[in-house]
Amino acid sequence: PAECEPASLDEGSGDDQRKGKRERRRYAAQSAAYEARAASLTPELALRPALPGLAAASLSPQADVVEVLGPLGTVAAESDALLAFYGLEWRDFPDAIEQDLRRRFPSCEQVVEQALAAGRPDLRQLRCVTIDPPTARDLDDAVSIEPGALRGTHRIGVHIADVSNFVWPGSALDEEARGRATTVYLVGKVYPMLPRWLSENLCSLLPDGDRLLSVSVFFTIDEEGQLVKEVEPTFTRGVIRTRMRLSYNDVDSALAEEGGPSGLPADVFEDLRTLARVTGARRRLRADHGAVFLERSRYFFHTDEDGRIQSVEREASSSVSHHLIEELMVLANHVVASKLVEAGKEFLGAGSSPPAAAAADEAALPQPLLRHHPDTEGKVLAKVFEILPEHLRDSAPRGVPLAKLLDWCRQHWSAQTHEAVCADALTSFKEAQYIVADLDDEDGVDAKAAQEALDSMGHWALSLPTYMHFTSPIRRYADVLVHRRLIRIFGGTEQGIGGWSAAAGAAEGSGEGDGDFLTGLKEAVQVCNAKKRDAQDAHVDSVQLALSAHVRALGGMDVPDAVITKILMPSPGASSGSTDPGRPLTFQQRLKNRVLKHAVEFYIPPAQCSRSVSFDSLGIEFVSCEYESQPSRSAAGSGDGAVATVRSVRVRPKHAPAGADAVELR
């Protein structure tokens, strides 16, 4: 642009030459910014973090500005930037994908009509209800309950949106969803894995007529929460009708009212009471078998049209409705995983070799997809004992499972303290991972050993021998892969509504044919693991950034349930000052001085994290303390032994009058 053009680009010598170089660089930067603003108005955008060939250790890094995300500080721009930072997709879906979806599936009514005509089971007589947060739009699960075939039992149905009917293997939509792998939830903004025409319309189990295709699993449970083995779980692709859409608060309020709530149909209320009773028994049963339950507060952020927090509302950390849905979803996931493992074992028992390259598509592979959580109980137990105050550490039960120890702790301190301890203990957990249980015997592993290996791929924290996500295909691509495998196991075909079949869908856009689908499946699973982790990190960052902006706007916010988790003190004798009083401190010494300040670490429930604050910032000064006999871990970057943690410290307000009483922080 003319307004950016420098007066002269002639090269000179000395100062003139250096000035010319600066002007050329300034001109290039201004031109790039102008072009980026123009490019940001089009959908053809990409990020290039650095110029080709730029040395990683350069002290003068350069980059091409190829996109302007928006004004600094706006929620939309900051959210997009957060996803870009984590390598997650923030742009809208391509127009071609959106248009193709609407052309193939113009309305819910047409989809249901075609499904029934194709012979899908009609499950609309079931009393299906959804229980979700009040603002949720992607309702991908509904539940139903009816009397079981055996006396004193209940037949429970978990109905999940049939996403695989709309997302065809190898299609452009499938490739887009495969790359995104997960829906990302930030404060005030949602980045869906699937186009909203699916996630908030065709696949969302909304209560407005006959519009819902489901993959349903039915299992029978008794009053003690046990799965009834005499009645095999069943799976079907059906058509359902959602009777009511309920929020967690709706269910909790209804169950808390004696004699039943007003405005809720009697039969639905009885269903909820029965579900609450049997899922409560199921939860106690899992606890008895070692399942670990970590208490975490749930907060709902009320935002304005621009996505800025207006108020913060705390939900009950342990409510009946949350437990009801959690237990049903966990149980459904377990039943599905058991079927995947059973199918894999049957294949091994047949004496065949896995058709890695001969499979018609990924769904035909026998290798089960599982969610594996390794056992780190010993490490977590040690962490909890490290956190315990001395007076509790001596009396705490030893040699008991982690679940029993946490239950004992819950009874001996406040709910706020227990939540803070759970958050700290969580850092010792290993991350659960999606895995493809490889049945290949290239390394000489026989069928019996492979079957034993399958039995070891359980979920430690849930205390389940097999587990896999199945209940959220709208927002998790791993669940879509599981749906396709289940459909193949039970139906032998993946015929969908709208003229699509598995073979045709796999051929469309992929061109693999007899390619190595096992390799592709493993790669997809690794993408799911990475994107899930990145999405969680982005969510936490979003909460902390939005909450920080909210606190600044308010000029401060009271957090009555904050908990002191550590008191950080310079270790006795630790010093970073110069030995020469007349010599200024070096950079490392100044940095160490910052680290060596007295500080208090708080667990902040709304932010779901801990933060340390110096005594200076708190307006208090140190009086005295007693160091523990055992040396504690030093603070990161402070040098070995430079910082110690103490159980208590006496402090007083800064500038307090002489003789002012000190108070104790613990």
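Mentor: One term before we start: a crossing of two helices is left-handed if the near helix is turned anticlockwise from the far one by less than a right angle, and right-handed if it is turned clockwise. Also, this is a predicted model, where local features need pLDDT of at least 70 and side-chain atom pairs count only at pLDDT 80 or more, while totals for chains, interfaces and linings use all residues. Residues are numbered from 1 along each chain as its sequence is written, and side-chain values use heavy atoms, with hydrogens and water left out.

Trainee: Okay! How many helices and strands does the protein have?

Mentor: There are 19 helices and 19 strands. Both are DSSP runs numbered from the N terminus: helices are H or I with at least four residues, strands are E with at least two.

Trainee: And what percentage of the residues is buried?

Mentor: Of the 666 residues, 44% are buried. Buried means under 20% relative accessible area, exposed means over 50%, and partly exposed is in between (1.4 Å probe, protein chains only).

Trainee: What share of the contacts joins residues 24 or more positions apart?

Mentor: Counting contacts with a separation of 6 or more, 71% are between residues 24 or more positions apart. A contact is heavy atoms within 4.5 Å.

Trainee: Let's do helix packing. At what angle do H10 and H12 pack?

Mentor: H10 and H12 (residues 402-412) pack at about 20°, and their axes are 10 Å apart. Axes are lines fitted to C-alpha atoms, for helices over the stretch in contact, and the angles run from 0 to 180 degrees between N-to-C directions.

Trainee: So what do I call that pair, parallel or perpendicular?

Mentor: H10 and H12 are roughly parallel to each other. The cut-offs are: under 35 degrees is roughly parallel, over 145 roughly antiparallel, 65 to 115 roughly perpendicular, and the rest oblique.

Trainee: Is the crossing of H10 and H12 left-handed or right-handed?

Mentor: Left-handed. H10 brings Glu377, Val380, Leu381, Val384 and Phe385 to the contact, and H12 brings Leu402, Leu405, Leu406 and Cys409. Sorted by type, that is eight nonpolar, no polar and one charged. Nonpolar here covers Ala, Val, Leu, Ile, Met, Phe, Trp, Tyr, Cys and Pro; charged covers Asp, Glu, Lys and Arg; the others, Gly among them, are polar.

Trainee: Which residues of H12 are buried?

Mentor: Leu402, Ala403, Leu405, Leu406, Trp408 and Cys409. The buried residues of H12 pack against H8 (266-288), H10, H11 (390-393) and H13.

Trainee: And Lys404, where is that found?

Mentor: Lys404 is in helix H12 too. It counts as partly exposed because its relative accessibility is 43%. The C-alpha atoms of Lys404 and Val292 are separated by 8.9 Å, though the two residues are 112 apart along the chain.

Trainee: Back to H10. At what angle does it cross H13?

Mentor: The axes of H10 (residues 377-387) and H13 (residues 415-425) cross at roughly 135° and come within 9 Å. That is why H10 and H13 count as oblique to each other, and the crossing is right-handed. Val380, Lys383, Val384 and Ile387 in H10 meet Val421, Asp424 and Ala425 in H13. Those residues split into five nonpolar, no polar and two charged.

Trainee: How about H7 and H8, at what angle do they cross?

Mentor: Roughly 90°, with the axes of H7 (residues 248-256) and H8 coming within 10 Å. So H7 is roughly perpendicular to H8. Val251, Ala254 and Leu255 of H7 touch Phe269, Leu272, Arg273 and Ala276 of H8.

Trainee: New topic: is Val278 buried or exposed?

Mentor: Val278, which is in helix H8, counts as buried because its relative accessibility is 0%. Apart from neighbours within four places in sequence, Val278 is in contact with His154, Ile156, Asp222, Glu223 and Gly225.

Trainee: Last one, what is phi of Ala181?

Mentor: It is near 70°, a positive value in a residue other than glycine. Most residues other than glycine have a negative phi. Ala181 lies in the loop between H5 (172-180) and S4 (184-186), and at 4% relative accessibility it counts as buried. His655 also has a positive phi, near 60°, but His655 is exposed, with a relative accessible area of 77%.
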